[in-house]
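Please have the sequence and the model open as you read.

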Amino acid sequence: MPENSLGAFLRSRRERLDPAEVGLPGSTRRRTPGLRREEVAQRADLSVEWYTRLEQGRGGPPSTQVLDRVADALLLNRAERAHVFLLVHGQGADGPHTGAADLHSRFRGVLDGFPYGPAYIKNAAWDVIAWNRAARLVLSDYETLPARDRNVLKILFLDPASRALLPRWEHEAALAVSTFRGELTRWGGTGQAAGLVEELRARSAEFDRMWEAHDVGALGEGVKHLAHPVAGELSLWYSSFAIDDEPGLGLVLYTPRGEADMGRVRRLLDG
């Protein structure tokens, strides 16, 4: 991530704002996109010099009250606002867990408890470190991948089969990148995760474009549509859960959305 991560993020949010959205003259008369620094400063009730220093990474950390005003001025959503506070105040005392030493045995019963629901556990660098049979047959055959390639983002951006599996690949990829950026900030950016970002930026122009957008999101829950080569079209509910006693680890669970989807998954796993 860039050294002045806060400034880069604030600038990206400023440049994406439509002036008309905040009651300012339209962008047709502007040489650069979005709002000017002085306009953000005015909306946040700050001096232009102070806000400029904030974007340039000069001066001390801003107060909570100032951050709130800047977030309001830039119309940040909940995930973006949390991201800004993490960039300024840093992560909690617990660091991220990136190892996989005993996780297979510890969580095997949990994962196998969802025989028709693909489930896996990922670490702070989004390496898939434990999975069930349904995940291997529906999502990706993690067992056949080299350990260094069992990574959600590598599979998403570098594996052609993953792209073919996702009819809405662009949407899914952008959501993944924005979520990863938020989590990377939350867990302090391990060297492993930072190295992953650099590798993907070098190997995938699409990842580089999405990373440069500085979007921040959250995976949360929703519906994923798959075009499975054997099972056919599938709609799966997905949910992402933090594992409380293991900072940086998360459980991702998919369940068939309807009876037809359940039938297709059952035939795939039982066949």
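Helices α5 and α10 run roughly parallel to each other, a label for angles under 35 degrees, while over 145 counts as roughly antiparallel, 65 to 115 as roughly perpendicular and the rest as oblique. Before going further, note that this is a predicted model, in which local features need pLDDT of at least 70, side-chain atom pairs count only at pLDDT 80 or more, and totals for chains, interfaces and linings use all residues. Residues are numbered from 1 along each chain as its sequence is written, and side-chain values use heavy atoms, with hydrogens and water left out.

**The protein overall**
- The protein has 13 helices and five strands; these are DSSP runs numbered from the N terminus, with helices being H or I of at least four residues and strands E of at least two.
- Of its 271 residues, 47% count as buried, where buried means under 20% relative accessible area, exposed over 50% and partly exposed in between (1.4 Å probe, protein chains only).

**Helices α5 and α10**
- Two packed helices are described by the angle between their axes and the distance between the axes.
- For α5 (residues 78-89) and α10 (residues 169-186), the angle is about 30 degrees and the axes are 9 Å apart; axes are lines fitted to C-alpha atoms, for helices over the stretch in contact, and angles run from 0 to 180 degrees between N-to-C directions.
- Their crossing is left-handed, meaning that the near helix is turned anticlockwise from the far one by less than a right angle, whereas clockwise would be right-handed.
- From α5, H83, L86 and L87 meet R181, G182, T185 and R186 of α10, a contact being heavy atoms within 4.5 Å.

**Helices α1 and α5**
- Helix α1 (residues 5-16) packs on α5 at an angle of about 155 degrees, again with the axes 9 Å apart.
- That angle makes α1 roughly antiparallel to α5.
- This crossing is left-handed too.
- On the α1 side, S5, L6, F9, L10, R13 and R16 take part, meeting E80, H83, V84, L87 and V88 in α5.

**A closer look at E80**
- Leaving out residues up to four places away in sequence, E80 touches F9, R13, R16, L75 and V216.
- The C-alpha atoms of E80 and G217 are separated by 7.1 Å, although the two residues are 137 residues apart along the chain.
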